[in-house]
Amino acid sequence: IFSDFLLLYPLLCVVGKDAMQPSGSSSSPAPRGRLVIVSRDSQLAMIQSNYVKDRLHHLYPALQIEIVSTKTLGDKVLDRELWNIGDKGLFTKELEESLLSLKADIAVHSLKDVPTNIVPGLLLGAILEREDPRDALVLRSDLASSLQLRTLPPGSVVGTSSLRRKAVLSHHFPHLVFKDRRGNLNTRLAKLEDHSLGFTAAVLAVAGLTRMNLQHRISEVMQGDGQLWFGHAVGQGALAVECRADDAAT
(Lines give C-alpha, C1' and ligand atoms only; values in the text may rest on other atoms or scores of the structure.)
Protein backbone atom coordinates (compact mmCIF):
# COMPACT_ATOMS: atom_id res chain seq x y z
CA ILE A 1 0.00 0.00 0.00
CA PHE A 2 2.63 2.51 1.02
CA SER A 3 4.59 1.97 -2.20
CA ASP A 4 1.83 4.03 -3.83
CA PHE A 5 1.35 6.29 -0.79
CA LEU A 6 4.85 7.75 -0.86
CA LEU A 7 7.16 10.07 -2.71
CA LEU A 8 10.76 8.99 -2.24
CA TYR A 9 12.96 11.54 -0.50
CA PRO A 10 16.55 11.13 0.66
CA LEU A 11 16.63 8.65 3.59
CA LEU A 12 12.91 9.09 4.35
CA CYS A 13 9.58 8.80 2.57
CA VAL A 14 7.46 11.90 2.60
CA VAL A 15 3.75 12.25 1.92
CA GLY A 16 2.49 15.64 0.75
CA LYS A 17 -1.06 16.77 0.09
CA ASP A 18 -0.20 17.53 -3.53
CA ALA A 19 1.53 14.17 -3.92
CA MET A 20 -1.64 12.12 -3.47
CA GLN A 21 -3.03 10.65 -6.65
CA PRO A 22 -6.80 10.99 -7.14
CA SER A 23 -9.10 8.00 -7.06
CA GLY A 24 -9.10 6.14 -10.33
CA SER A 25 -5.50 7.15 -11.15
CA SER A 26 -2.86 4.82 -12.48
CA SER A 27 -1.71 3.69 -9.04
CA SER A 28 -1.69 -0.06 -8.58
CA PRO A 29 -4.53 -1.73 -6.63
CA ALA A 30 -4.11 -2.13 -2.90
CA PRO A 31 -2.73 -5.62 -2.25
CA ARG A 32 -4.98 -6.12 0.78
CA GLY A 33 -8.61 -5.46 1.60
CA ARG A 34 -8.34 -4.34 5.25
CA LEU A 35 -5.94 -2.21 7.23
CA VAL A 36 -5.85 -1.58 10.99
CA ILE A 37 -4.37 1.68 12.32
CA VAL A 38 -3.40 1.93 15.98
CA SER A 39 -3.48 5.35 17.60
CA ARG A 40 -3.26 7.02 20.97
CA ASP A 41 -6.76 7.78 22.22
CA SER A 42 -6.50 11.56 22.66
CA GLN A 43 -8.62 13.79 20.44
CA LEU A 44 -5.56 15.18 18.66
CA ALA A 45 -4.09 11.71 18.05
CA MET A 46 -7.39 10.49 16.62
CA ILE A 47 -7.61 13.53 14.33
CA GLN A 48 -4.13 12.72 13.06
CA SER A 49 -4.91 9.04 12.54
CA ASN A 50 -8.12 9.88 10.74
CA TYR A 51 -6.14 12.17 8.46
CA VAL A 52 -3.92 9.23 7.47
CA LYS A 53 -7.05 7.10 7.00
CA ASP A 54 -8.60 9.71 4.71
CA ARG A 55 -5.45 9.96 2.57
CA LEU A 56 -5.35 6.18 2.17
CA HIS A 57 -9.03 6.11 1.24
CA HIS A 58 -8.26 8.76 -1.36
CA LEU A 59 -5.85 6.32 -3.00
CA TYR A 60 -7.82 3.12 -2.30
CA PRO A 61 -11.57 3.74 -2.00
CA ALA A 62 -12.30 0.02 -1.57
CA LEU A 63 -9.84 -0.46 1.28
CA GLN A 64 -11.50 -1.14 4.65
CA ILE A 65 -9.66 0.82 7.34
CA GLU A 66 -10.23 0.52 11.08
CA ILE A 67 -8.68 2.69 13.78
CA VAL A 68 -8.11 1.18 17.22
CA SER A 69 -6.91 3.31 20.12
CA THR A 70 -4.87 2.76 23.24
CA LYS A 71 -3.16 4.69 26.01
CA THR A 72 0.62 4.89 26.24
CA LEU A 73 2.75 5.16 29.36
CA GLY A 74 3.14 8.88 28.70
CA ASP A 75 -0.65 9.22 28.70
CA LYS A 76 -1.08 7.30 31.94
CA VAL A 77 1.69 8.76 34.12
CA LEU A 78 0.78 12.40 34.66
CA ASP A 79 2.22 13.04 38.11
CA ARG A 80 5.86 13.16 36.98
CA GLU A 81 7.84 15.18 34.47
CA LEU A 82 8.46 13.33 31.21
CA TRP A 83 12.23 13.24 31.67
CA ASN A 84 11.74 11.72 35.13
CA ILE A 85 9.65 8.72 34.05
CA GLY A 86 12.77 6.94 32.84
CA ASP A 87 11.54 4.99 29.84
CA LYS A 88 11.99 5.24 26.08
CA GLY A 89 9.10 5.57 23.67
CA LEU A 90 6.78 7.12 26.24
CA PHE A 91 4.17 7.87 23.58
CA THR A 92 4.98 5.08 21.10
CA LYS A 93 5.81 1.81 22.91
CA GLU A 94 2.25 0.48 23.30
CA LEU A 95 1.46 1.29 19.67
CA GLU A 96 4.59 -0.52 18.53
CA GLU A 97 3.63 -3.54 20.64
CA SER A 98 0.34 -3.67 18.74
CA LEU A 99 2.29 -3.79 15.47
CA LEU A 100 4.64 -6.53 16.66
CA SER A 101 1.75 -8.63 18.01
CA LEU A 102 -0.06 -8.28 14.65
CA LYS A 103 -3.02 -6.49 16.25
CA ALA A 104 -2.50 -3.53 13.93
CA ASP A 105 -0.82 -2.90 10.58
CA ILE A 106 0.35 0.69 10.98
CA ALA A 107 0.77 3.17 13.83
CA VAL A 108 0.44 6.94 13.52
CA HIS A 109 2.79 8.99 15.70
CA SER A 110 3.78 12.59 16.12
CA LEU A 111 7.29 12.37 14.69
CA LYS A 112 8.77 14.31 17.61
CA ASP A 113 7.68 11.46 19.94
CA VAL A 114 9.47 8.74 17.96
CA PRO A 115 12.79 7.63 19.52
CA THR A 116 15.94 7.97 17.42
CA ASN A 117 16.46 4.20 17.41
CA ILE A 118 13.50 2.38 15.86
CA VAL A 119 12.41 -0.88 17.50
CA PRO A 120 13.89 -3.92 15.65
CA GLY A 121 11.36 -5.34 13.21
CA LEU A 122 9.67 -1.98 12.60
CA LEU A 123 10.35 0.95 10.29
CA LEU A 124 8.99 4.36 9.39
CA GLY A 125 7.04 3.82 6.20
CA ALA A 126 6.03 7.44 5.68
CA ILE A 127 6.40 10.95 7.03
CA LEU A 128 3.55 13.22 6.08
CA GLU A 129 3.81 16.80 4.92
CA ARG A 130 4.87 18.91 7.87
CA GLU A 131 2.62 21.44 9.55
CA ASP A 132 4.02 24.65 11.05
CA PRO A 133 6.79 23.36 13.40
CA ARG A 134 6.92 26.43 15.65
CA ASP A 135 5.71 26.86 19.23
CA ALA A 136 2.96 29.25 20.29
CA LEU A 137 1.95 31.15 23.40
CA VAL A 138 -1.64 30.57 24.52
CA LEU A 139 -2.98 32.96 27.14
CA ARG A 140 -5.66 32.24 29.70
CA SER A 141 -8.87 33.36 28.00
CA ASP A 142 -9.63 36.19 30.48
CA LEU A 143 -6.35 37.97 29.71
CA ALA A 144 -5.69 40.59 27.04
CA SER A 145 -4.85 38.89 23.75
CA SER A 146 -2.20 41.54 23.03
CA LEU A 147 0.10 40.20 25.75
CA GLN A 148 3.28 38.41 24.67
CA LEU A 149 6.01 36.58 26.54
CA ARG A 150 8.15 39.69 26.82
CA THR A 151 5.22 41.77 28.14
CA LEU A 152 3.86 39.30 30.71
CA PRO A 153 4.14 40.65 34.27
CA PRO A 154 7.09 39.35 36.34
CA GLY A 155 6.23 36.13 38.14
CA SER A 156 3.64 35.05 35.57
CA VAL A 157 3.40 31.24 35.48
CA VAL A 158 3.73 29.68 32.03
CA GLY A 159 2.94 25.98 31.59
CA THR A 160 5.08 23.59 29.58
CA SER A 161 6.18 19.98 30.05
CA SER A 162 9.15 20.33 27.67
CA LEU A 163 12.68 20.61 29.09
CA ARG A 164 13.76 22.21 25.81
CA ARG A 165 11.11 24.92 26.05
CA LYS A 166 11.87 25.55 29.72
CA ALA A 167 15.60 25.94 29.06
CA VAL A 168 15.24 28.29 26.11
CA LEU A 169 12.42 30.39 27.53
CA SER A 170 13.98 30.69 31.00
CA HIS A 171 17.10 32.04 29.35
CA HIS A 172 15.22 34.66 27.35
CA PHE A 173 12.59 35.53 29.97
CA PRO A 174 14.08 35.08 33.46
CA HIS A 175 11.28 37.20 34.96
CA LEU A 176 8.74 34.42 34.22
CA VAL A 177 8.08 31.12 36.03
CA PHE A 178 7.92 28.00 33.86
CA LYS A 179 5.98 25.18 35.48
CA ASP A 180 5.38 21.59 34.39
CA ARG A 181 1.89 20.86 33.14
CA ARG A 182 1.16 17.35 31.82
CA GLY A 183 -1.73 15.91 29.85
CA ASN A 184 -3.09 15.91 26.31
CA LEU A 185 -3.91 19.16 24.53
CA ASN A 186 -7.46 19.38 25.87
CA THR A 187 -6.27 18.67 29.42
CA ARG A 188 -3.54 21.28 29.24
CA LEU A 189 -5.95 23.93 27.98
CA ALA A 190 -8.40 23.04 30.77
CA LYS A 191 -5.61 23.40 33.36
CA LEU A 192 -4.75 26.79 31.89
CA GLU A 193 -8.32 28.00 32.48
CA ASP A 194 -8.42 26.68 36.07
CA HIS A 195 -7.59 29.80 38.11
CA SER A 196 -6.76 27.69 41.17
CA LEU A 197 -3.69 26.30 39.38
CA GLY A 198 -2.28 29.77 38.80
CA PHE A 199 -1.28 29.54 35.15
CA THR A 200 -1.13 32.72 33.09
CA ALA A 201 -0.26 31.09 29.79
CA ALA A 202 0.95 27.89 28.16
CA VAL A 203 3.42 27.10 25.41
CA LEU A 204 2.05 24.63 22.87
CA ALA A 205 2.87 23.45 19.35
CA VAL A 206 1.25 25.43 16.56
CA ALA A 207 0.65 22.18 14.64
CA GLY A 208 -1.52 20.61 17.34
CA LEU A 209 -3.60 23.75 17.79
CA THR A 210 -4.06 24.00 14.02
CA ARG A 211 -5.15 20.38 13.61
CA MET A 212 -7.77 20.90 16.34
CA ASN A 213 -8.97 24.17 14.79
CA LEU A 214 -7.80 26.14 17.81
CA GLN A 215 -5.70 28.71 15.94
CA HIS A 216 -7.80 31.46 17.53
CA ARG A 217 -6.20 30.63 20.90
CA ILE A 218 -2.72 31.56 19.66
CA SER A 219 -1.53 34.86 21.13
CA GLU A 220 2.02 34.73 19.81
CA VAL A 221 3.91 32.46 17.43
CA MET A 222 7.49 32.13 18.62
CA GLN A 223 10.04 32.92 15.99
CA GLY A 224 13.50 34.42 16.08
CA ASP A 225 13.92 38.13 15.48
CA GLY A 226 17.69 38.39 15.34
CA GLN A 227 18.01 38.77 19.10
CA LEU A 228 15.89 35.87 20.31
CA TRP A 229 16.13 32.26 19.19
CA PHE A 230 13.42 29.76 20.07
CA GLY A 231 13.85 26.74 17.82
CA HIS A 232 11.48 23.77 18.00
CA ALA A 233 11.61 20.04 18.65
CA VAL A 234 13.10 17.79 15.98
CA GLY A 235 10.23 16.47 13.87
CA GLN A 236 7.64 18.80 15.44
CA GLY A 237 4.64 19.30 13.16
CA ALA A 238 5.15 16.09 11.16
CA LEU A 239 3.29 12.78 11.42
CA ALA A 240 5.10 9.46 11.15
CA VAL A 241 3.54 6.20 9.95
CA GLU A 242 5.25 3.11 11.38
CA CYS A 243 4.82 -0.44 10.13
CA ARG A 244 6.44 -3.86 10.32
CA ALA A 245 9.63 -4.18 8.28
CA ASP A 246 8.64 -7.60 6.92
CA ASP A 247 5.06 -6.65 6.03
CA ALA A 248 5.39 -6.44 2.25
CA ALA A 249 1.65 -5.97 1.72
CA THR A 250 1.63 -2.78 3.79
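This is a predicted model: local features need pLDDT of at least 70, side-chain atom pairs count only at pLDDT 80 or more; totals for chains, interfaces and linings use all residues.

Reader: How many aromatic pairs does the structure hold?

Author: One. F173 and F230 make up the pair, and it is stacked. The centres are 6.3 Å apart, with 15 degrees between the planes.

Reader: Where do the two sit in the chain?

Author: In distant parts, 57 residues apart. F173 is in the loop between α5 (163–172) and β9 (177–179). F230 is in the loop between β11 (218–221) and β12 (239–244).

Reader: And F173, buried or exposed? Why?

Author: Buried, because its relative accessibility is 5% and the cut-off for buried is under 20%.

Reader: Switching to charges. What sits over the ring of F199?

Author: The charged end of K179. The distance to the ring centre is 5.4 Å.

Reader: Now voids. How many cavities of 30 Å³ or more turn up?

Author: One, from a search of the whole structure. The largest cavity holds about 40 Å³ of space.

Reader: Which residues line the largest cavity?

Author: F230 again, along with D135, R164, R165, V168, L169, M222 and G231.

Reader: Which element gives the largest share of that lining?

Author: α5, with four residues.

Reader: How does the lining split by class?

Author: Four nonpolar, three charged and one polar.

Methods: Residues are numbered from 1 along each chain as its sequence is written. Side-chain values use heavy atoms; hydrogens and water are left out. Rings of Phe, Tyr and Trp (its six-membered ring) pair if their centres lie within 6.5 Å; planes under 30 degrees apart count as stacked, over 60 as edge-to-face and the rest as tilted. Buried means under 20% relative accessible area, exposed over 50%, partly exposed in between (1.4 Å probe, protein chains only). A charge sits over a ring if NZ of Lys or CZ of Arg is within 6 Å of the ring centre and within 35 degrees of the ring normal. On a 1 Å grid over the protein atoms alone, a cavity is a set of points where a 1.4 Å probe fits but cannot get out, and a pocket is an open set with protein on both sides within 12 Å along at least five of seven lines; lining residues have an atom within 4 Å of a point. Grid points are joined across faces, edges and corners, and a volume is the space filled by probe spheres set on the points. Ala, Val, Leu, Ile, Met, Phe, Trp, Tyr, Cys and Pro count as nonpolar, Asp, Glu, Lys and Arg as charged, and the others, Gly among them, as polar.
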